Amino acid sequence: MPPRRSNSHPILHVFGWDRKFVLPFIDFVQENFDLTGHSFVIYGSIEDDQTPIGPHVSHYPRLLKSLPALLAHMHGAKKIILHGIFSSHLLYVLALQPWLLKKCYWTIWGGDLYIHNSIQKDWRWHKDEWFRRFVVSRLGHFITQIEGDYELARQWYGARGRWHECFMYPSNLHKDYAITSQAHHGVNILLGNSASPTNNHLEAFERLRPFVRENIRIYCPLSYGDAEYAEEVIRVGADTFGDKFVPLRDFLSFEKYLGMLSVIDVAIFNHNRQQGMGNITTLLGLGKKVYLRRCVSSWDSLESLGVKLFDIVSLDLGKLPEATAKRNSELIKIKYSKANLIKGLREIFE
């Protein structure tokens, strides 16, 4: 018999801890909706000074140790919004409570879907894939701004639930930043968004190698992700481009990050899957020239808006014409507006 919960909320949000998304999302819901209709379960390790507090927030460092409380939350909710499904334990909990799945909404983050194409497919991967197919094929709802990701969930896992188009998080909002491109010589390039191997930095270096004697500067964010991989990227980048390669190892404050973006002319995202949408839309909104792989699902999503993108297989370092930059910026401003985010969330919540 399902556990009973006396102080339930109609909408339960289940988050793995990620400061960049969890706190701004809770704040946005509080500012624009009635927070009494929502509760938030956050699992994973959190530093004491970062822990969200409030009667609507519960923190469970380890899911299985807090299983009775988690199930009470889930059974007391009218809707369960799963902000990413990265935890194997969460998969197991959902699989053992299949009657909950019709009221679950999976917010697809990217890595939790594209694990299907993992390079390392050991017995643990096969085990979790079995659970993932069982769960995903029975989920009632899917949330993503990229229809192609929903189609992949259908193709890979037999998803049959309803797709809700929403970009979900305040980090994706277009903002009119008060920055102007600083005067500089040559071409400044932003390469990738993290020290994740899915950025395919080494392949991107080969595409940039023909420009090594030109006046370029390559900024490469490596402040989070795989530390060992970051060291390899730094070694190859420095060997290939010398002091024209600038690895960004330290986490930048938002102000310094914007300052860095203000001098970027060309951004290259050589991901082999949908990733870094917040970074991509910010750069497009700033009128920067953005290169992607045409095969990733985010290409079709952005191109359907009318945004001008560039295919990395035909890399050149010419700057984006002013008229194109302005049009891209205007399209992003409309799509990723606060009003659109509130509208999308309201349709999901109500």
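The model is predicted, so local features need pLDDT of at least 70 and side-chain atom pairs count only at pLDDT 80 or more, while totals for chains, interfaces and linings use all residues. Residues are numbered from 1 along each chain as its sequence is written, and side-chain values use heavy atoms, with hydrogens and water left out. A search of the whole structure finds 13 salt bridges and two cavities of 30 Å³ or more.

**The second largest pocket**

- The second largest pocket holds about 280 Å³ of space. A pocket here is an open set of points on a 1 Å grid over the protein atoms alone, with protein on both sides within 12 Å along at least five of seven lines. Grid points are joined across faces, edges and corners, and a volume is the space filled by probe spheres set on the points.
- Its lining counts 22 residues, and Ile-146, Gly-148, Ser-297, Asp-300 and Ser-301 lie nearest the centre of the second largest pocket. Lining residues have an atom within 4 Å of a point.
- Two or more lining residues of the second largest pocket come from each of helix 6 (147–157) and helix 11 (297–303). Helices are DSSP runs of H or I with at least four residues, strands are E runs of at least two, and both are numbered from the N terminus.
- Helix 6 gives the most to this lining, with four residues.
- Sorted by class, the lining of the second largest pocket has nine nonpolar, eight polar and five charged residues. Ala, Val, Leu, Ile, Met, Phe, Trp, Tyr, Cys and Pro count as nonpolar, Asp, Glu, Lys and Arg as charged, and the others, Gly among them, as polar.

**The largest cavity**

- The largest cavity has a volume of about 40 Å³. A cavity is a set of grid points where a 1.4 Å probe fits but cannot get out.
- Residues lining the largest cavity include Phe-269, His-271, Arg-273, Leu-292 and Ser-298.
- By class, the lining of the largest cavity has four nonpolar, four polar and two charged residues.

**Asp-112, a buried charge**

- Asp-112 sits in helix 4 (residues 111–114).
- Asp-112 is buried but has no salt bridge, and the nearest side chain of opposite charge, Arg-273, is 7.0 Å away. Buried means under 20% relative accessible area, exposed over 50%, and partly exposed in between (1.4 Å probe, protein chains only). For charge, Lys and Arg count as positive and Asp and Glu as negative, while His and the chain ends are not counted.
- The side chain of Asp-112 has a polar contact of 2.8 Å with the side chain of Trp-106, and it also reaches the backbone nitrogen of Ile-85 at 3.0 Å. A polar contact is a pair of N or O atoms within 3.5 Å; within protein, one must be able to donate a hydrogen and the other to accept it, and residues adjacent in sequence count only if both atoms are side-chain atoms.

**Salt bridges**

- Side chains of opposite charge can pair when their charged atoms come close. A salt bridge is a side-chain nitrogen of Lys or Arg within 4 Å of a carboxyl oxygen of Asp or Glu.
- Lys-319 and Asp-265 meet in a salt bridge (3.8 Å, N to O). Lys-319 lies in the loop between strand 13 (310–311) and helix 12 (322–335), and Asp-265 in the loop between helix 9 (254–261) and strand 11 (266–268), so the pair ties together parts that are 54 residues apart in sequence.
- In that pair, Lys-319 is partly exposed at 48% relative accessible area, whereas Asp-265 counts as buried at 12%.
- Asp-311 forms a salt bridge with Arg-294, with the closest N and O atoms 3.3 Å apart. Asp-311 belongs to strand 13 and Arg-294 to the loop between strand 12 (289–292) and helix 11, 17 residues apart.
- Asp-122 pairs with Arg-124 in a salt bridge, the closest N and O atoms being 3.9 Å apart. Asp-122 is partly exposed at 36%, and Arg-124 is partly exposed at 45%.

**Positive phi angles**

- Most residues other than glycine have a negative phi.
- Met-168 has a positive phi, near 70°. Met-168 lies in the loop between strand 7 (162–164) and strand 8 (187–191), and is buried at 1% relative accessible area.
- Asn-200 also has a positive phi, near 50°, and lies in the loop between strand 8 and helix 7 (201–208).
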